[in-house]
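Reader: Walk me through this one, please. I'd like to go spot by spot and ask as I go.

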Amino acid sequence: MKRSLRLGVSAAVLAGLAALSACGGGDSASSSSSRGTSGAPATLNLAIPSAVVAPKEEVATYAVGDAEGYFAEEKLKVDVINTDGSVAAVQAVASGSADITPADAGAILAAREKGVPVRAIGGLVRNWPWRMAVRPDSDIKTPADLKGRKVGVISLASGSAIYARAYAGDAGLDAAKDVELLPVGVGAQALSALEDGKVDVLALFTQAYTTIENTGAEFRYLDNSDAFEGIRSLTFAVTERTLKEKKDVLTRYLRASYKALLFSAVNPEAAMRDGYEVFPRLLTGKKADDRIGDDSRSLDAWIRTAVPAAGEPESFEDWGAISEAEWNKTVAYTKASGQITQDVDLGELWDDSLLQGANDFDNAAVIEKAQGAE
């Protein structure tokens with residue numbers, strides 16, 4: 001079952017959710033989903049942190065997990081809702097509309113600072129996905145050249161805007177005075193804004209650029225400094241109550257999702273066909289064979305942000321792990337960007353106790369299945 005949930009959010013809303021959760025209400029662990037004992041059939045509601053389904057995490061983890069039977073093997077039924085971004089997805093989890101979400105780590109940290117009892121339980125996107133791009137003939141050559149320029153971001157409330165400000169600051173610029181951020185969305189809208197000169201540079205994520213490049217457009221990318229290495233992005237989050245009451249169910253969900261991600265890394269085209277099966281609207285009325293090439297490239301671009309940057313699938317391990325150094329860097333980035341005002345206690349935020357079980361699967365069997373898929 002797929003539903004659409006459009007949620008607005010504010011500090012006041014998050015504070016209210018924190019109070020609600022503290023009183024024991026609004027939690028999916030006791031409402032929307034079955035309680036889980038070891039190996040028992042269970043249902044989970046998954047909040048996707050985007051309003052539109054695309055060749056990214058919802059395909060590589062959910063659609064493949066569904067179509068290839070990884071959820072069924074774990075006796076799980078997973079229902080999906082779409083939300084208007086990571087903050088709204090975290091709100092959905094906190095309010096009980098969803099059990100789990102792969103939300104941006106910054107949104108999880110911000111919610112935790114406001115008293116919302118959410119916990120991060122497993123990483124997903126491990127390689128920094130955001131890049132600055134200009135037209136090939138642009139006179140912008142270095143980050144410092146952004147001074148006085150207009151930067152196209154997805155929206156002023158998006159991670160895109162947060163990244164753009166951080167990028168300017170890292171270049172020694174005053175993000176509030178030296179650059180102007182303009183919302184341009186993604187896809188053709190963003191490309192048009194750049195080509196028409198409405199903006200001088202785009203701040204998007206790698207999969208979004210690949211989707212545009214599939215149309216024949218070309219970009220030149222500016223370098224990210226080492227300051228962005230190790231910052232984590234999409235991370236699985238749940239409430240403290242759900243974690244306490246449904247550890248086994250969540251472990252099974254993570255295991256199925258990481259198996260699906262490995263399958264996708266081995267065979268993005270087969271994964272994309274699973275995406276069409278589970279989310280027919282991805283086809284936009286076209287035939288799968290007419291879309292599969294471009295969509296597979298877009299999906300592969302996303303997958304490369306979620307798997308190790310080096311090595312082959314046979315060597316991939318420690319799915320979901322996030323080191324203390326990576327968390328510290330993520331907290332520092334989130335604080336510098338203004339999403340949080342103080343350091344967050346990682347002992348209260350991060351719980352990796354499910355990852356040993358989530359990694360308890362046969363990599364070789366998943367790889368063999370993916371290699372034989374069409």
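Author: Let's start with K75, which counts as partly exposed because its relative accessible area is 48%. The scale is: buried under 20% relative accessible area, exposed over 50%, partly exposed in between, with a 1.4 Å probe and protein chains only. Before we go on, this is a predicted model, where local features need pLDDT of at least 70, side-chain atom pairs count only at pLDDT 80 or more, and totals for chains, interfaces and linings use all residues. Residues are numbered from 1 along each chain as its sequence is written, and side-chain values use heavy atoms, with hydrogens and water left out.

Reader: OK. Where is the place of K75, and what about its phi?

Author: K75 sits in the loop between α3 (70–73) and β3 (76–82). Its phi is near 60°, a positive value in a residue other than glycine. Most residues other than glycine have a negative phi. Helices here are DSSP runs of H or I with at least four residues, strands are runs of E with at least two, and both are numbered from the N terminus.

Reader: And D318, what's its phi and where is it found?

Author: D318 has phi near 55°, again positive in a residue that isn't glycine. It belongs to the loop between α12 (288–306) and α13 (324–336). D318 comes out as partly exposed because its relative accessibility is 48%.

Reader: Switching to the sheet: what's the order of the five strands?

Author: The order is β8-β7-β9-β6-β10, in an open sheet with mixed pairing. Two strands pair if DSSP finds at least two bridges between them. β8 (179–183) and β10 (220–222) stand at the edges with a single partner strand each, so one side of each has no neighbour in the sheet. From one strand to the next, the twist averages 35°.

Reader: How do β6 and β10 pair?

Author: β6 (residues 130–134) runs antiparallel to β10, and three bridges link the pair. For A133, the bridge partner in β10 is Y221.

Reader: Which strands does α6 touch?

Author: α6 (residues 159–170) packs on the sheet and touches β6, β7 (149–153), β8, β9 (201–205) and β10, with its direction at about 75° to that of β6. Contact means heavy atoms within 4.5 Å. The angles run from 0 to 180 degrees between N-to-C directions, using lines fitted to C-alpha atoms, for helices over the stretch in contact. α8 (residues 206–213) lies across β6, β9 and β10, at about 115° to β9.

Reader: Which residues of α8 are buried, and what covers them?

Author: The buried ones are Q207, A208, Y209, T210 and I212. Their cover includes β6, α7 (187–195), β9, β10 and α12.

Reader: Now the largest nonpolar core. Which residues touch the most other members?

Author: I121, Y253, L254, W302 and W327 do, out of 78 residues in that core. A nonpolar core is a set of buried Ala, Val, Leu, Ile, Met, Phe, Trp, Tyr and Cys residues joined through side-chain atoms within 4.5 Å. α10 supplies the largest share of this core, eleven residues. There's also a second, separate core of 24 residues, with Y163, A166, Y167 and L181 among them.

Reader: What does I121 touch?

Author: Not counting residues up to four places away in sequence, I121 touches I100, F236, V238, L243, L250, L254, W350, D351, L354 and L355.

Reader: L354, then: is it buried or exposed?

Author: L354 is buried, because its relative accessibility is 4%. It lies in the loop between α14 (346–349) and α15 (355–358). Apart from neighbours within four places in sequence, L354 contacts I121, L243, K247, L250, T251 and L254. R255 is 99 residues from L354 in sequence, while their C-alpha atoms are 9.3 Å apart.

Reader: And N267, what is it in contact with?

Author: Leaving out neighbours within four places in sequence, N267 contacts A370 and A373. Q371 is 104 residues from N267 along the chain, with 6.5 Å between the C-alpha atoms. N267 sits in the loop between α10 (247–266) and α11 (268–278), and it counts as buried because its relative accessible area is 15%.

Reader: Last one: how many helices and strands in the protein chain, and how much is buried?

Author: There are 16 helices and eleven strands, and 55% of the 374 residues count as buried. Of the contacts with a separation of 6 or more, 81% join residues 24 or more positions apart.
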